[in-house]
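Welcome to this short briefing. Take a moment with the sequence and the structure, then read on for a guided look at some local features.

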Amino acid sequence: MTFQQLGLMPQLLENVRRSGYETPTPIQQATIPLVLGKKDVLGCAQTGTGKTAAFALPILQNLAKEPRKSDAPRVIRALILTPTRELALQIYENFVAYGKKVPVNACVIFGGVNQQSQIEALHRGADVVVACPGRLCDLMNQGYVRLDWVNTFVLDEADRMLDMGFIHDVRRIAGKLPQKHQTLLFSATMPAEVEKLAMEMLNDPETVKVDPVSSPVEAIDQCLYYVDKANKKHLLAHLLKDPAVENALVFSRTRHGADRIVRDLSRAGIDAVAIHGDKSQNARQVALNRFKTGDCKVLVATDIAARGLDIAGLSHVFNYDMPMEPEAYVHRIGRTGRAGHTGNAISFCCIDEVKQLNQVEKLIGRRLPTRESDWPMEVTTPSEPKPRQPMPAKVNMRGEALPERKPRPSVPAKSLPPRRSGQSITIGKDGKMQVQPAKPSRPVNPAKKGLAKPVQRVNRHRKG
């Protein structure tokens with residue numbers, strides 16, 4: 001089947017061809033006709049199968065066939081929600097690439113940057129808005145965004161939305177949409193929470209399931225190295241110096257771990273950049289652009305980059321740390337082997353990660369083939385879990401613990417001398433007691449004793 005057989009307009013076909021795509025993927029073949037027919041769709045397909053084009057192309061065609069009048073205000077007619085800033089920017093770039101010379105404007109909204117440029121884009125007019133829920137809710141509260149005319153609503157990476165705690169924002173945004181609209185919900189996995197959300201938001205949907213998450217792309221060559229935690233940095237640097245590694249995406253479990261890997265690679269003479277949630281949006285975008293343009297060979301990331309990022313021609317993915325959730329393994333390695341290309345996925349496993357490895361192999365239904373290295377695993381005893389540090393009672397604005405105040409020495413009640421009427425006892429900083437003498441009382445005017453006399457009112461203006 002070709003894109004032309006899916007009923008797309010000539011300009012979209014030309015833009016798709018310029019983007020380098022010739023044959024639609026299974027999810028695109030099944031979804032595009034349904035979206036063109038204004039049907040609600042629940043799509044489930046693993047990462048890297050072209051879900052973005054599956055909804056972007058038909059949305060562009062539906063909007064182009066219903067152009068706004070010249071004297072009518074430009075309003076938001078399609079809204080796409082996505083969990084991460086990188087994915088939002090990538091979807092926006094796809095809309096721009098697929099929509100060249102098509103009378104449809106798009107803009108992107110996400111947090112971490114100044115909102116002024118996004119507000120100006122909305123004022124200029126946007127038919128399609130790609131947004132992260134947090135920033136979109138902020139702009140709605142400020143009155144810059146209205147969703148009264150949205151006729152197509154897309155929730156991309158719905159399972160990730162639930163993981164990142166966006167469900168309340170999603171429901172709030174969905175409540176602002178007009179009663180009659182088309183809803184498209186896409187997810188790489190289909191947990192019970194996603195199905196519940198789908199039943200709340202979709203109206204008689206068509207379900208499309210292609211390539212479940214438990215089946216990794218067959219074009220990816222996967223292997224495993226057993227290595228001690230302390231030697232992972234040496235093995236990674238050794239493998240990255242192989243000329244066969246054109247570029248590599250390295251996954252770390254934590255943000256601090258990602259920064260540490262970049263420092264270790266720098267000491268080994270390998271240029272690397274990191275992206276994670278602690279970095280600003282501008283820093284993350286600069287790092288990603290350096291990697292995509294080939295200026296930097298290695299990108300180190302947390303699982304924030306495991307979903308949705310489309311990096312053309314990525315040759316290798318390294319799991320420096322095994323993921324805590326086995327599904328994340330499939331999403332990680334899905335960054336390579338995209339669009340019909342081959343790829344390589346290499347995982348490191350120390351003794352503390354054997355449990356996570358077993359969960360991954362159970363999910364994918366096979367054992368990962370092992371390879372030997374100059375740093376074989378020698379530590380076979382799991383390390384003791386670190387005791388949790390108690391949280392400080394008080395912290396400052398930067399989250400740093402404040403020093404605890406030394407309590408003043410207490411004096412037992414029995415040692416206090418009997419206090420006479422009017423006397424006061426104070427305890428100084430040195431802990432010594434001081435008895436203050438009673439203040440002398442004021443002498444009482446004997447004329448004021450007893451009952452008060454009635455007040456006699458005198459009219460001073462009355463002349464006697």
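In what follows, a residue is buried under 20% relative accessible area, exposed over 50%, and partly exposed in between. At 21% relative accessibility, Asn 231 therefore counts as partly exposed. Please keep in mind that this is a predicted model. The secondary structure of the protein chain comes to 14 helices and 15 strands, and buried residues make up 44% of its 464 residues. Among contacts in the protein chain with a separation of 6 or more, 74% are between residues 24 or more positions apart.

**Asn 231 and its loop**

- You will find Asn 231 in the loop between β8 (220-226) and α10 (232-240).
- From Asn 231 to Cys 350 is 119 residues in sequence, yet their C-alpha atoms are 9.5 Å apart in space.

**Helices α13 and α14**

- Helix α13 (residues 326-333) packs with helix α14 (residues 354-364) at an angle of about 70°, and the axes are 8 Å apart.
- Angles of 65 to 115 degrees count as roughly perpendicular, and α13 and α14 are therefore roughly perpendicular to each other.
- On the α13 side, the contact involves Pro 326, Glu 327, Tyr 329 and Val 330; on the α14 side, Gln 359, Val 360, Leu 363 and Ile 364.
- By type, the residues of this contact between α13 and α14 are six nonpolar, one polar and one charged.
- Gln 356 also lies in helix α14, and at 11% relative accessibility Gln 356 counts as buried.
- Setting aside neighbours within four places in sequence, Gln 356 is in contact with Met 322, Pro 323 and Met 324.

**Aromatic rings**

- How many aromatic pairs does the model hold? With ring centres within 6.5 Å as the rule, the count comes to five aromatic pairs.
- One of these joins Phe 55 and Phe 95, whose ring centres are 6.5 Å apart and whose planes are at 45°, so the pair is tilted.
- This pair links distant parts of the chain, with Phe 55 in helix α3 (residues 51-64) and Phe 95 in helix α4 (residues 85-98), 40 residues apart.
- Both Phe 55 and Phe 95 are buried.
- Elsewhere, ring pairs link Tyr 225, Phe 318, Tyr 320 and Phe 348 into a cluster.
- Tyr 320 also has a charge over its ring: the charged end of Lys 232 sits there, 5.6 Å from the ring centre.

- Is Met 161 buried or exposed? Met 161 has a relative accessible area of 1%, so it is buried.
- Met 161 belongs to helix α7 (residues 158-163).
- Leaving aside neighbours within four places in sequence, the contacts of Met 161 include Leu 81, Thr 82, Pro 83, Pro 133, Phe 166 and Val 170.
- Met 161 and Cys 132 are 29 residues apart along the chain, with their C-alpha atoms separated by 9.9 Å.

- Most residues other than glycine have a negative phi.
- Lys 101, not a glycine, has a positive phi of about 65°.
- Lys 101 lies in the loop between α4 and β3 (106-109) and, at 71% relative accessibility, counts as exposed.
- Asp 204 is not a glycine either, and has a positive phi of about 50°.
- The loop between α9 (192-201) and β7 (206-210) holds Asp 204, which counts as exposed at 63% relative accessibility.

Note on methods:
Residues are numbered from 1 along each chain as its sequence is written. This is a predicted model: local features need pLDDT of at least 70, side-chain atom pairs count only at pLDDT 80 or more; totals for chains, interfaces and linings use all residues. Side-chain values use heavy atoms; hydrogens and water are left out. Axes are lines fitted to C-alpha atoms, for helices over the stretch in contact, and angles run from 0 to 180 degrees between N-to-C directions. Helices (H or I, at least four residues) and strands (E, at least two) are DSSP runs, numbered from the N terminus. Angles under 35 degrees count as roughly parallel, over 145 as roughly antiparallel, 65 to 115 as roughly perpendicular and the rest as oblique. Contact means heavy atoms within 4.5 Å. Ala, Val, Leu, Ile, Met, Phe, Trp, Tyr, Cys and Pro count as nonpolar, Asp, Glu, Lys and Arg as charged, and the others, Gly among them, as polar. Rings of Phe, Tyr and Trp (its six-membered ring) pair if their centres lie within 6.5 Å; planes under 30 degrees apart count as stacked, over 60 as edge-to-face and the rest as tilted. Buried means under 20% relative accessible area, exposed over 50%, partly exposed in between (1.4 Å probe, protein chains only). A charge sits over a ring if NZ of Lys or CZ of Arg is within 6 Å of the ring centre and within 35 degrees of the ring normal.
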